[in-house]
Amino acid sequence: MEDTYNNRTSLVKGAKDIVKEAKKHATKKVNKVVDRATDEYSSHHNYTRFQDEVDEDEDFYQNPPRQDGESYRDNEEGSSDATEGHDDEDEIYEGEYQGIPSSAGDKKQGQDRGELEQERQADEEELAQQYELIIQECGHGRFQWQLFLVLGLALMSDGVEVFVVGFVLPSAETDMCVPNSSSGWLGSVVYLGMMVGAFFWGGMSDKVGRRQCLLICMSTNGFFAFLSSFVQGYGFFLVCRLVAGFGIGGAVPIVFSFFAEVLSREKRGEHLSWLCMFWMIGEIYASAMAWAIIPHYGWSFSMGSAYQFHSWRVFVVVCALPCVCAVVALTFMPESPRFYLEVGKHDEAWMILKQIHDTNMRARGQPEKVFTVNRIKTPRQLDEFVEMESESGNPVSKAFFRIKAEVRGIYLNLMKCFNYPMRENMLRLAIVWFTLSFGYYGLSVWFPDVIKHLQADEYASKVKIHNNERIEGITFNFTLENQIHKNILFINDHFVNMKLKSVTFIDSTFRNCYFDDVTSVGSFFRNCTFIDTFFFNTDIDESKLIDGTEVINSTFTHNKTGCQMTFDDDYSAYWVYFINFLGTLAVLPGNIVSALLMDKIGRLSMLGGSMILSGISCFFLWFGTSESMMIFMLCLYNGLSISAWNSLDVVTTESFPTVRRGTGFGFCNALCKLAAVLGNLIFGSLVGITKAIPILMASSVLVGGGLVGLRLPDTRANVLM
């Protein structure tokens, strides 16, 4: 019985071996036919040095030598340590690891893997040299400019997302009746979402692909950004902006990695700098839309008292439009060919490179020019240790298991960025990213609030004070603004269809008065007394009646619910948004200069010099005593610091190999968002308290980060490995 079973097993195994060998021969014949056809199509420019080495590698894998002189095919046993425990169809059993050898061969497998990793590194270096020649042959033309515009929209969305929060924060907190104890969470929560998103999506782009990850993260941002404009509760609004920030967090690392991989070395610095302009365009777009939309509080509608849609929500919808346009445009663009080569997808990469070549040649009026590459070196693919989940697991456990495996893979890839010889450069990059972001985002919070405090001081200096008056039988149907009424007696007065703006009543008495359709913003009644007074359709409630105010035999009917927005003629809102708009426009000259000089004076000189100069300009804020001088210093600081951002983006892109570029850039960008959170909290807490600490802190970190940036290696001559 056992002999019969063994014979049957041997027969099945032999049949599988025969099928396997037939597949190998058929595949080899098909490849030869394809190569012959490609050779006939090309003009015999085959990169022969690389092709010969690839052919030798293929022969080595198909027929590796043995110590006894026999080939692998002559070995009838046909089993290896690496496949022991598996059948010939490479089935993965539950609880096992793909690619893990038996315990007896662990030591040998570790040595073999180390040798394979060294060989893969050599292949990557060789691919980098060949890929540079291929990109030069493809030329720089229409395809790069098309991708430039598409990725620019994605980068513009990131710039909009950073500034949209600051612009809607005051209006959103007022509209949703957010207490002071909960204010400020919106800005921090969005940056935290962007921090996690930068790390996650940057790492995923090295495993899944640049285009696919960018599509997913941009779609996530667009959907939840639109949704946030319609939700009413502050908690739901926070969740929507958190998820939107998580989505847009992957834009910066993926965009720069993607675009750098279709640029030749001599074009890389300049055109990556031009791409940085879209972030500035997003900032200008957000500032201009805030200035044009948010102060128009009449642009709103309501459905009863439960649903309010004010102008700041219109602004949120408008700010989501660049993201939607980026998603639509990205569907027409191909994946990065360099990524395909790294994961061994030779044919897909070749087709995209041919598309780049043909698109550029047609735009030049040379459609007859043939793409002469027919074989590209692909790095040796290493088996990853992937734990397999049981087929019987429920979908939730499978999804959790997959996410856990992907996060672990991203973490392991990140740890390789800290290995020698990249460790010191990685630490320096992290320091520069953190210091530049801490100073920039901290000051971006501090500047507007300082302007507001200067305006508030000027506003308070113009307050009108009324003392010890008796007002009887008067009808008030106009706006009272910036006034203090102290120890006033109101008798039989009517307050009808009027507005109270920054009006404070102190120790006053209202007897037999009538309030109808009254709106009060920033107005309070301190230690006042209401006797036989009727309130109809007003927003006067317990929050406005403070410091011992008494209500005697008075009636409140049909009170307005929700928090009231400020007025249409709010000069302060117009002025603050206009100042931000001027600050963003000041970035334009610095962006143009950095793009033109990036490859001429060098990345490091521009990075370190820009950070040091911006730190010095920040120090001179100490001497700013007027609003106009503070605005001038804001414009100067923004114009100087943008060159540092552009240089840092280029240096970071060129510092990592392709297999870890998204992961490394994503980690640095996550540090950027962490610094933004800390900057918001620290600088925001010092507004109105002291001017010395924020100025000294920002100046010192910027100058220190600039000195560290000068110690980074020059990446201008790097071939993207």
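## A buried helix

The buried residues of helix 8 are Ala 251, Val 252, Pro 253, Ile 254, Val 255, Phe 256, Ser 257, Phe 258, Phe 259 and Ala 260. Helix 8 covers residues 251–260, and with 10 of its 10 residues buried, it is largely enclosed by the rest of the structure. Keep in mind that what you're looking at is a predicted model.

## The chain as a whole

Zooming out, the protein chain carries 21 helices and 18 strands. Of its 721 residues, 47% are buried. The accessible surface comes to about 34100 Å², and carbon and sulfur atoms own 59% of that.

How much of the contact list comes from residues 24 or more positions apart? Taking contacts in the protein chain with a separation of 6 or more, such pairs account for 68%.

## Strand 10 and its partners

Strand 10 (residues 494–506) has several parallel pairings to look at. With strand 8 (residues 480–486) the parallel pairing runs over six bridges; Lys 486 has Ile 506 of strand 10 as its bridge partner.

Then there's strand 12 (residues 514–521), which runs parallel to strand 10 and is joined to it by seven bridges. One of the residue pairs here is Lys 501 with Val 521 in strand 12. Strand 13 (residues 524–526) also pairs with strand 10 in the parallel sense, over three bridges, and Thr 504 stands opposite Phe 524 of strand 13. As background, strands of a sheet pair through backbone hydrogen bonds, either parallel or antiparallel.

At the strand 17 end, the neighbour is strand 14 (residues 529–531), which runs parallel to strand 17 and is joined to it by three bridges. Phe 530 has Val 551 in strand 17 as its bridge partner.

## Salt bridges

The salt bridge count comes to 14. One of them brings together the side chains of Asp 547 and Arg 526, at 2.8 Å from N to O. This pair links distant parts of the chain, 21 residues apart: Asp 547 is in the loop between strand 16 (545–546) and strand 17, while Arg 526 belongs to strand 13. Asp 547 counts as partly exposed because its relative accessibility is 48%, and Arg 526 is partly exposed as well, with a relative accessible area of 32%.

Are the two residues of the Lys 544 and Asp 539 salt bridge buried or exposed? Their closest N and O atoms are 3.7 Å apart. Lys 544 has a relative accessible area of 12%, so it is buried, and Asp 539 counts as buried too, at 5% relative accessibility. The cut-off behind both calls is that buried means under 20% relative accessible area.

Asp 599 and Arg 603 make another salt bridge, with the closest N and O atoms 2.5 Å apart. Asp 599 counts as partly exposed at 24% relative accessibility, whereas Arg 603 is buried, with a relative accessible area of 0%. Elsewhere, salt bridges that share partners join Asp 206, Arg 210, Glu 261 and Arg 661 into one network. In general terms, side chains of opposite charge can pair when their charged atoms come close.

## A nonpolar patch on the surface

Which residues make up the nonpolar patch on the surface? Leu 613, Ile 616, Phe 619, Phe 620, Trp 622, Phe 623, Met 629 and Leu 696 form it, with about 720 Å² of accessible area together. Helix 18 (residues 603–619) gives the most to this patch, with three residues.

Ile 616 is a handy one to click on: this patch residue lies in helix 18. Its relative accessibility is 41%, so Ile 616 counts as partly exposed.

Conventions. Residues are numbered from 1 along each chain as its sequence is written. This is a predicted model: local features need pLDDT of at least 70, side-chain atom pairs count only at pLDDT 80 or more; totals for chains, interfaces and linings use all residues. Side-chain values use heavy atoms; hydrogens and water are left out. Two strands pair if DSSP finds at least two bridges between them. Helices (H or I, at least four residues) and strands (E, at least two) are DSSP runs, numbered from the N terminus. Patches are made of residues with over 30% relative accessible area and no salt bridge: like charges are joined within 9 Å, nonpolar side chains (Val, Leu, Ile, Met, Phe, Trp, Tyr) within 5 Å. Accessible areas come from the Shrake-Rupley method with a 1.4 Å probe; for residues, only the protein chains shown count as cover. A salt bridge is a side-chain nitrogen of Lys or Arg within 4 Å of a carboxyl oxygen of Asp or Glu. Buried means under 20% relative accessible area, exposed over 50%, partly exposed in between (1.4 Å probe, protein chains only). Contact means heavy atoms within 4.5 Å.
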